[in-house]
Amino acid sequence: MLTLPATAAVDDDVAALYRKINWRLLPFLLVCYLFAYLDRVNVGFAKLQMQADLGFSDAAYGVGAGIFFIGYVLFEIPSNLMLPRVGARKTFSRILVLWGITSACMLFVRNVPMFYAMRFLLGVFEAGFAPGMIYYLSCWYGPQRMARAIALVFLAGPIGGIVGGPVSAWLITSLAGAGGLAGWQWMFLIEGLPCILLGVLAWRLLADRPADVSWLSSSEKRLLDSELGGTAGHSHSFKAVAKDPKIYVLASAYFCIIATIYALSFWLPTLIAAQGVTDTLQLGRYSAVPYIAAAIAMYTMGRRSDRLGERRFHSAVPAALGGLLLAGSILADGNLFASMLLLTLATAAFWMAYTVFWAMPSEHIKGPAAAGGIALINTIGLSGGFWGPAIIGWAKSATGNLHLGVLIIACLPVTAALIIL
């Protein structure tokens, strides 16, 4: 009889502790990742004007959109291996300021080599941000809460699609010609500069680890440490992690998921425009719809995965279903309603798979090596962000339509599902 009230009291303390942590960390990290996602994919809307202004081919656009990930991949592991030593505060501040400056400087692009160079630099400067956040969250959230925490922060991706589509379309159309700049130039400038401010705020607001914060009491820090399982026994070295075959299994699945997500992100405005939507503002509103569904779906799936303590099927089933839906969208070509429905459901499914996927590595790798291990998975997998958009661009240039590229991309999440299972 005495155990139940004691257990209930501890549960209440843990719930109160995580309410405090949630409000201190998650909204700020969500806003930071929102601009990260927006600055990666706003080139999809810039394409509507930029391609005509600068004379880019579809293949050149696809390569330029994806070359961001080459720079990202090359510098990601060094960035994340340094994170436990340098600290999250300095790391995130550096990343935010440098990528904000680079994104704003996209307005100076005049030709294909400059386009490639700026996209490459954007990837270099943002390298390590997403896996760094996953590692940082693992310092605060135990396995029972990790998928929900990731889902809340990574809601920034769908929110970036919801907000970014209409806002980018509005900036491109309403500011076209203002101050002698094209609308796409204003879009890059306005959407890039807030990251510099966020970098300054990261320096001021974030702590490197729970032990450093003043807003948790000593008893709350001890309770958090017990929730995390303490630090004993988590001594994986990065060398040991790099030899773990499971890391490469996870990375190959992630490659397929990421290639699909970014192919859709960069080409979604074009896919919708191919259904007869010509007005840029209307195109922005339509582009937001799939991400509204994705935001709801990924949070729901994250909660369900945490509650049931199951990861594989919660990631694999949506991935496979999304691939089938994306392939089906080819059959609906010419029918705006059917195409939007299939693209919306497919997008939601891919983001569900992505969210739950990232709860798996943090359960497998513990301690300081987790930063490097997560970065290794992300480095290998994120190269899919280059191949996904590029495949569609090459296929469209070769065939004159989007069908072949979309069909190839649709096979990837089905492959990811098989690997995860």
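In the predicted model, the axes of helix α3 (residues 58-86) and helix α4 (residues 88-104) come within 7 Å and cross at roughly 135°, where axes are lines fitted to C-alpha atoms, for helices over the stretch in contact, and angles run from 0 to 180 degrees between N-to-C directions. Helices (H or I, at least four residues) are DSSP runs numbered from the N terminus. Ser79, Leu83 and Val86 of α3 meet Ala88, Lys90, Thr91, Phe92, Arg94 and Ile95 of α4, contact being heavy atoms within 4.5 Å.

Helix α7 (residues 143-154) and helix α16 (residues 336-357) have axes that come within 8 Å and cross at roughly 130°; α7 and α16 are therefore oblique to each other. This contact involves Ala147, Ile150, Ala151 and Phe154 from α7, together with Trp351, Tyr354 and Thr355 from α16.

At the level of domains, the assignment, which is automatic or from a database, divides the chain into domain 1 (21-210) and domain 2 (237-420), and the C-alpha centres of domain 1 and domain 2 lie 18 Å apart. Contacts link 51 residues of domain 1 with 52 residues of domain 2.

Residues are numbered from 1 along each chain as its sequence is written, and side-chain values use heavy atoms, with hydrogens and water left out. Because the model is predicted, local features need pLDDT of at least 70 and side-chain atom pairs count only at pLDDT 80 or more, whereas totals for chains, interfaces and linings use all residues.

How values were computed. Helices (H or I, at least four residues) and strands (E, at least two) are DSSP runs, numbered from the N terminus. Angles under 35 degrees count as roughly parallel, over 145 as roughly antiparallel, 65 to 115 as roughly perpendicular and the rest as oblique.
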